[in-house]
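Okay, thanks for coming, everyone.

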Amino acid sequence: MILGDKITALRKQNGWSQEELAQKLEISRQSVSKWESGASIPDLDRIVKLSGLFGVSTDYLLKDEIEEIAYTETDELPEEFKIREVSLQEANDFMDITKQTAKQISAAVAACILSPVCLILLGGVSEYKKIISEDMAGGTGVAVLLVILAAAVSVLIINGMKLSKYEYLEKEPVLLQYGVKGIVEKRKEEHEKTFRTGIACGTALCILGVVPLMLSVALNAGEYIMVWCVCIILVMVAMGVYVITGVSIPQGSFDKLLQVGEYTAEAKELNRKTAFFPGIYWCLITAGYLAVSLWKNNWNVSWIIWPVAGVLFAGLNGIVKAVAKTRK
């Protein structure tokens, strides 16, 4: 019996149509049809998935001379070959929880961006208006910054814990049970307009935030006005990030379930190999920020490290992933 005949027999034995098997493997029905007709053969990854789905050995599938089915228990498969199934209830719970936490997470991220505003304003008042002392401005500004950061981080941790049970969707290949894919695609389609509008508006806010600073430079408005313009930039960027994050988090939940974009099986494997980089990078940036700020006592200036680090992270992370992909 050839591979195509074995796939047909096992599919029918499980009571699945070609369409149902294709959904479990996240391929087209035509691909399954070609396998069964012998017009093409599945690649090694698909062979492994078929083995897990049917509960048979890969030897049985690949070797024509083996006619007797060699069943395997899922628990006996190697860890990397186990595929977790996601039920409709589990998928709905994940999408609902993600939607509920999106606003809180967005607000926490925006608060992190806003945290230096008080410090910058007080620094400007101390420097140019001489209303308060430099020590009072620095001490009060840093205290407010730390309080805001502590509250924002707490919110992020609490919401992260709510979503922690679904971390496998980011790291492991999954199979959606019958009917789940259609429900997820429908909810994604309903969210599509909100997502596009949110990305456009959020991006516009971030760009427009620079306009007051450019005008102040053009009009030679003075350094004190520029301090206010810098604060306006942070406020506008925070608003933009709030909007973008708020629509992107639910969109991400759909992509994780459908395993598209950044959550394909290949991307998950690549992320697993490069997972060490973000933790090391941000620890070094935080240590550098605190060291420079405490040494120079220039908290009203050193905040610039964060936006620069964010831009630099995107580039370095891309390089690390490119190297890992090349090595693979």
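A quick convention for residue classes: Ala, Val, Leu, Ile, Met, Phe, Trp, Tyr, Cys and Pro count as nonpolar, Asp, Glu, Lys and Arg as charged, and the others, Gly among them, as polar. This is a predicted model, where local features need pLDDT of at least 70 and side-chain atom pairs count only at pLDDT 80 or more, while totals for chains, interfaces and linings use all residues. Numbering runs from 1 along each chain as its sequence is written, and side-chain values use heavy atoms, with hydrogens and water left out.

So, the largest pocket. By pocket I mean an open set of points on a 1 Å grid over the protein atoms alone, where a 1.4 Å probe fits, with protein on both sides within 12 Å along at least five of seven lines; lining residues have an atom within 4 Å of a point. Its volume, the space filled by probe spheres set on the points, is about 1,200 Å³. There are 29 lining residues, and Glu 170, Lys 256, Glu 262, Tyr 263 and Pro 278 are the closest to the centre. By class, the lining has 11 nonpolar, 10 polar and eight charged residues. Which helix gives the most to it? That's helix 12, with five residues; helices here are DSSP runs of H or I, at least four residues, numbered from the N terminus.

Next, packing. A nonpolar core is a set of buried Ala, Val, Leu, Ile, Met, Phe, Trp, Tyr and Cys residues joined through side-chain atoms within 4.5 Å, with buried meaning under 20% relative accessible area, exposed over 50%, and partly exposed in between, for a 1.4 Å probe and protein chains only. The largest core has 18 residues, and Leu 21, Leu 25, Leu 50, Phe 54 and Leu 61 touch the most other members. Helix 4 (44-54) supplies the largest share, four residues. Apart from that core lies another of 14 residues, including Met 95 and Phe 254.

On to the rings. Tyr 281 and Trp 282 have ring centres 5.0 Å apart and planes at 85°, so they're edge-to-face (centres within 6.5 Å make a pair; planes under 30 degrees apart are stacked, over 60 edge-to-face, the rest tilted).

Lys 130, not a glycine, has a positive phi of about 55°, and so does Asn 220. Lys 130 is exposed at 62%, and Asn 220 is exposed at 66%.

Key
Helix = DSSP H or I, 4+ residues; strand = E, 2+ residues; numbered from the N terminus. Phe/Tyr/Trp six-rings, centres within 6.5 Å; stacked < 30°, edge-to-face > 60°.
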